[in-house]
Amino acid sequence: MTQAEIPTQAVVVPATPPPHHPEKWKWYDYFTFNIDHKVIGIQYLVTSFIFYLVGGLMAMAMRLELATPASDFLSPDLYNAFLTNHGTIMIFLWIVPASIGGFGNFLVPLMIGARDMAFPKLNALAFWVTVPAGMLIVGSFFFGGAQAGWTSYPPLSVVTANTAQSMWILAIVLAGTSSILGSLNFIVTIWKMRVPSMAWDQMPLFCWAMMATSILALVSTPVLAAGLTLLLFDINFGTSFFNPANGGDVVMYQHLFWFYSHPAVYLMILPIFGIMSEVIPVHARKPIFGYKAIAYSSLTICLVGLFVWVHHMFTSGTPPWMRIFFTISTLIVAVPTGVKIFSWVATMWGGKIRYTSAMLFAVGLLAMFVFGGLSGVTLGTAAFDLHVHDTYYVVGHFHYVLFGGSVFGLYAGLYHWYPKITGRMLNESLGKAHFILTFIGTNLTFLPMHQLGLQGMPRRVAMYDPQFQTLNQLCTFGSIVLGLSLLPFLANAIWSWSQGPKAEDNPWNAKTFEWTTASPPIIENWEVLPVLTEGPYAYGEESAEETEAVNT
Amino acid sequence: MQGTIESNSDLPTPAVEASGDVAHHEEHPDLRVLGLITFLCSEGLMFVGFFTVFLVYRAAAAAWPPEETEVELLLPAINTVILVSSSFVIHLGDTAVKKGDVAGLRKWYIVTALMGAVFLAGQAYEYMTLGYGLSTNLFSNCFYLTTGFHGLHVFIGLLLILGVLWRSRREGHYGPHHHIGVEMAEIYWHFVDVIWIVLFTLIYLLSIF
């Protein structure tokens, strides 16, 4: 048809509006290739939570094995497979998809006043690509499971469990593809689809965090894909990229791997920082302190974070100038991170804090993350790292950051947005029980690991010297507490989804756009798009009535 | 136009729609070109990864390429001329469709597709006549992996061009204001071309020195 036909036909359309979709999604819509960003967000959250349970059970099995110095619960090979896939699942199938895919997809369009992401079909595709990735990981256990650790350094990864290792590589490449597709979607969406009334510096900080995360994922993920492709060829097609006998270099793999996998640490924490910046002002009833500082520090972390990767390789024959350079760049990352921490503390200072479960997890995150961040500074210093490299000190450090940081943040986000996602309130008493158990369990499990590391216990080994037994049993006890801590959460989340009290549109009296629509949001997000009249954190400007309502 | 959107949602959609509130996925300007460019930035970095590996191993090697695994130069040079020219040819197709000349679009895209196919055939011929394989030595590892990965991209670009040609059969599918698909195939083809220029310089030309 020609251009001239368009006006006449356009007049006809409003008379018979085509039914784009049903009024409300049915339960089975959540199991299909659905292009609604909210459905995709929930698909990510639920799928990744299931993987979290799988990875958690693996962790508990490993902790049970480590209750005694001998290898009596898991065979050493199975232990290796568990530790490899525990790490892989928690990173690539839980924290990254839950925070970026889950919260990112659900919240970003709602926060910027868009009706969907820029590329809805691509968005759905990115989710469904992670499904075969998960299946490959699970399937690899029929071939012994990948056993070379989540880092899969050659030569170990080239000589152990070849089929399982290849499946592992394909799974990571698929997860990376999903991450790239999701990231370009976020960048274009945040850049181009904000409501016209929303300037960059009026955007909720979660969106700033997602922007930084997406840039980072776009830059670093392809390099990992390149490195893993070379590894796949080494394993299966007789190449020798990482085979020193034929001129290859194993350290090359480490560079390619860590060029992605250090930024991956920020992929796992930047969205969580975004969640923190949303949860804290709402529950402290105060405008966020240092909006621009928090927004730009995300971008700074993203930029500096690309130039610190060699701090994972201080013991890989790294020349001294490189150690100095990467020690300095690593310590610099602590600055923008500190800016955020201080801003959140300053936001709470003098606020009217409501100790909701979401806020408890956010405050818990602050404590845990500062601890993990400080041990990170010690590890980033080459002089210290040489002594504790590959010991339990490292394990303790990154679990404080990833569990005490990322997972606490995901819980804070779940408690905060559960009413918006499901339209039901969670039970606060169960939430608090969940928090207390998690907090105790985290510290019991991961704090003794620092001491174990300082005493010289190597990581990634199923058996250990009997002198380490007492502290290991403490860790194992803590992990059981952590396992139990999930029970109140699961009971709460499952029961409340159908039976919890109905949530209002804005149960927390928050100011960001997602709270202006129904709970759960209608399919097109809003009947009429919202207009920005005040900043996302303008809590000081409440009318007297609103303040009264909040205080009661 | 609008009546057909629901059944053909991959149609390029107008920037402004009368029923914006109902058909929300079409109410914003088309962002697909921006999305593609963002994706290609990321994809390009995968090549940067392979090139870096190549250069680092080159710097560490005593002879690069080693004896017995020298590269052929004439055929790849001809291939380079073909691929670089095809970037201009495909642009003629894009220019044609912007003037409403769909026949011109088809003509130039067919020529581009043929040039792409000749490039791939040339590469296959090169592989068969080189006398060494993927696993011969570290250089051949890098050589086959990088050129092969690029060849895969040429192949995908070829499929995109054939897709545009297939769709252009339908009357009115592409026009002066509906050519996002044409443009995206063109951008992808330019990307493949630019990568090849870098690749040709690094792997072939540098081997002279």
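**Exercise 1. Which residues in α1(B) meet which residues in α5(B)?**

The structure is a predicted model, in which local features need pLDDT of at least 70, side-chain atom pairs count only at pLDDT 80 or more, and totals for chains, interfaces and linings use all residues. Residues are numbered from 1 along each chain as its sequence is written, while chains are lettered from A and ligands numbered from 1 in the order in which they are written.

*Solution.* 

Step 1. Helices are DSSP runs of H or I with at least four residues, strands are runs of E with at least two, and both are numbered from the N terminus. Helix α1 of chain B covers residues 32–60 and helix α5 of chain B covers residues 180–204.

Step 2. Two residues are in contact if their C-beta atoms, placed from the backbone, lie within 7 Å. On the side of α1(B), the residues are Arg32(B), Val33(B), Leu36(B), Ile37(B), Leu40(B), Gly44(B), Phe47(B), Phe51(B), Phe54(B) and Leu55(B). They meet Ile180(B), Glu183(B), Met184(B), Ile187(B), Tyr188(B), Phe191(B), Ile195(B), Val198(B), Leu202(B) and Ile203(B) in α5(B).

Step 3. By class, the contact of α1(B) with α5(B) holds 17 nonpolar, 1 polar and 2 charged residues. Here Ala, Val, Leu, Ile, Met, Phe, Trp, Tyr, Cys and Pro count as nonpolar, Asp, Glu, Lys and Arg as charged, and the others, Gly among them, as polar.

**Exercise 2. Characterise the packing of α14(A) against α15(A) and against α11(A).**

*Solution.* 

Step 1. Helix α14 (residues 428–455) of chain A and α15(A) have axes that come within 8 Å and cross at roughly 160°. This angle makes α14(A) roughly antiparallel to α15(A). Their crossing is left-handed, and the contact has 18 nonpolar, 12 polar and no charged residues.

Step 2. Helix α11 (residues 357–380) of chain A packs with α14(A) at an angle of about 10°, with the axes 9 Å apart. That makes α11(A) roughly parallel to α14(A).

Step 3. Ser357(A), Leu360(A), Phe361(A), Gly364(A), Met368(A) and Ser375(A) in α11(A) meet Glu428(A), Gly431(A), Lys432(A), Phe435(A), Phe439(A), Thr442(A) and His450(A) in α14(A). These residues divide into 5 nonpolar, 6 polar and 2 charged.

**Exercise 3. Which residues have the most contacts inside the largest nonpolar core?**

*Solution.* 

Step 1. A nonpolar core is a set of buried Ala, Val, Leu, Ile, Met, Phe, Trp, Tyr and Cys residues joined through C-beta atoms within 7 Å. A residue is buried if 20 or more other C-beta atoms lie within 10 Å of its own, exposed if 12 or fewer, and partly exposed in between, with C-beta atoms placed from the backbone.

Step 2. The largest such core has 210 residues, and those with the most contacts inside it are Cys207(A), Phe361(A), Ala362(A) and Ala412(A). Helix α3 (residues 76–112) of chain A gives the largest share, 22 residues.

Step 3. Leaving aside residues up to four places away in sequence, Cys207(A) touches Val108(A), Met111(A), Ile112(A) and Ile190(A).

**Exercise 4. Locate the backbone exceptions, and state whether Asn525(A) and Glu68(B) are buried or exposed.**

*Solution.* 

Step 1. Most residues other than glycine have a negative phi, and most peptide bonds are trans.

Step 2. A cis peptide bond joins Pro154(A) and Pro155(A), with omega about 5°. Another cis bond runs from Ser519(A) to Pro520(A), with omega near -10°; Pro520(A) is in the loop between α15 and α16 (544–551) of chain A.

Step 3. Asn525(A), in the loop between α15 and α16 of chain A, has a positive phi of about 75° although it is not a glycine. Asn525(A) is buried, with 23 other C-beta atoms within 10 Å.

Step 4. Glu68(B), also not a glycine, has a positive phi of about 75° and lies in the loop between α1 and α2 (74–98) of chain B. Glu68(B) is exposed, with 11 other C-beta atoms within 10 Å.

Methods: Axes are lines fitted to C-alpha atoms, for helices over the stretch in contact, and angles run from 0 to 180 degrees between N-to-C directions. Angles under 35 degrees count as roughly parallel, over 145 as roughly antiparallel, 65 to 115 as roughly perpendicular and the rest as oblique. A crossing is left-handed if the near helix is turned anticlockwise from the far one by less than a right angle, and right-handed if clockwise.
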